[in-house]
Amino acid sequence: MKRSSQPTINDVARIAGVSKKTVSRVINQSPLLNGDTRRRVEEVIAELGYVPNPQARALALRRNFLIGLIHDNPNAQMVLNVQQGMLETLRDTEFELIVHPVNRGSPTMLEDIGQFLERQRPFGVMILPPISENDQLAALCAELGVRYVRMGSAPLDDASNMVVSNDREAVRGAVDHLIESGHRRIGLVLGPHGFRSAFERQKGYEEALERAGLPIQRTLIVQGDYRFESGMRAAEQLLDLAPRPTAVFASNDEMAAGVLHVARQRGLNVPQDLSIIGFDDTPIASHLWPPLTTVRWPIATMARAAALKLVSGEGGVASEDGEASLFVSTLIRRASVAPASG
């Protein structure tokens with residue numbers, strides 16, 4: 001039968017022989033219904049092609065169909081990759097992504113985020129490191145009834161509220177690769193102070209050296225902040241040493257690119273004179289020359305999984321039992337590592 005207008009919730013209720021409230025419960029997946037009633041209403045919805053009004057659903061659930069991405073991260077590429085992964089999950093659903101940058105150094109950060117959550121009433125939020133490591137922020141989300149997923153380099157919460165990578169193990173494997181290639185003086189460019197990822201990656205570096213019986217030399221460990229320019233500054237410091245390192249592990253690709261840039265400026269041949277490994281496997285890694293050996297951090301996969309944890313069972317998104325929480329990073333071997341010379 002051809003309809004002159006879009007079907008309404010009243011049409012569904014009339015044809016299914018139930019109340020409008022019952023239809024609303026079916027749409028909102030309330031458990032307070034028997035199976036026969038649920039199936040009858042769902043069949044009428046499918047027959048009529050009824051599409052629930054998201055604003056009405058938002059009022060019923062007291063939540064908007066918004067998924068927030070809360071971050072204070074200096075790595076712009078990482079944030080973009082997270083957005084890409086989340087949007088892939090949210091595509092063809094009722095949900096929209098909103099991005100809310102914050103200043104983790106502000107004394108009012110928690111208050112500011114609380115105001116954002118109360119004002120926007122998001123259905124759920126994804127929280128990026130390093131602020132994902134703030135237990136008070138997680139408690140605030142729980143208090144306000146907002147679903148949340150924290151991204152981290154180590155477990156911080158229940159698996160249902162986490163997506164976690166194995167940074168320490170992955171970096172240990174990367175430094176093992178340099179040691180197996182004959183390198184004994186291996187520099188490390190650290191990530192920013194206060195980032196758990198920076199801590200885990202440093203521990204992976206140190207554990208690899210200790211396992212190989214090599215000393216941890218503090219002069220070979222230089223501070224960075226995940227930006228290209230900090231990689232350049234760290235390289236200047238490392239390459240001024242005598243003897244200089246024969247290899248450098250940089251805690252992300254941006255800083256590894258800075259190390260490569262300075263090595264080239266100084267007339268060093270990469271990898272014959274200096275081997276370099278990064279972390280992330282962002283596009284820059286394969287676009288450099290030589291292409292960068294790096295740890296592939298499955299950031300987009302983690303973001304997709306985080307979004308799925310937030311919206312499973314809602315808005316037409318299928319729920320999955322045992323959704324993954326741990327995501328393994330792997331070493332991608334390219335041309336920036338060679339056997340140590342001399």
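At what angle do α1 and helix α2 (residues 20-27) pack? The answer is about 105°, with the two axes 8 Å apart. Keep in mind that this is a predicted model.

**α1 with α2**
- Angles of 65 to 115 degrees count as roughly perpendicular, so α1 and α2 are roughly perpendicular to each other.
- On the α1 side, the contact uses I9, N10, V12 and A13, while α2 brings K20, V23, S24 and I27.
- Sorted by class, this contact has five nonpolar, two polar and one charged residues.

**α1 with α3**
- Helix α1 (residues 9-16) also meets helix α3 (residues 35-48): their axes come within 9 Å and cross at roughly 125°.
- That makes α1 and α3 oblique to each other, and their crossing is right-handed.
- From α1, the residues involved are D11, V12, I15 and A16; facing them in α3 are R40, V41, V44, I45 and L48.
- This contact splits into seven nonpolar, no polar and two charged residues.

**Nonpolar cores**
- The largest nonpolar core has 47 residues, and the ones touching the most other members are I67, V82, M86, M126, M151, V163 and Y205.
- Setting aside neighbours within four places in sequence, M126 contacts G68, L69, I70, V82, M86, V149, M151, V163, A303, A306 and L310.
- There's also a second, separate core of 25 residues, including Y226, A235, L239 and A250.

Note on methods:
Residues are numbered from 1 along each chain as its sequence is written. This is a predicted model: local features need pLDDT of at least 70, side-chain atom pairs count only at pLDDT 80 or more; totals for chains, interfaces and linings use all residues. Side-chain values use heavy atoms; hydrogens and water are left out. Axes are lines fitted to C-alpha atoms, for helices over the stretch in contact, and angles run from 0 to 180 degrees between N-to-C directions. Helices (H or I, at least four residues) and strands (E, at least two) are DSSP runs, numbered from the N terminus. Angles under 35 degrees count as roughly parallel, over 145 as roughly antiparallel, 65 to 115 as roughly perpendicular and the rest as oblique. A crossing is left-handed if the near helix is turned anticlockwise from the far one by less than a right angle, and right-handed if clockwise. Contact means heavy atoms within 4.5 Å. Ala, Val, Leu, Ile, Met, Phe, Trp, Tyr, Cys and Pro count as nonpolar, Asp, Glu, Lys and Arg as charged, and the others, Gly among them, as polar. A nonpolar core is a set of buried Ala, Val, Leu, Ile, Met, Phe, Trp, Tyr and Cys residues joined through side-chain atoms within 4.5 Å. Buried means under 20% relative accessible area, exposed over 50%, partly exposed in between (1.4 Å probe, protein chains only).
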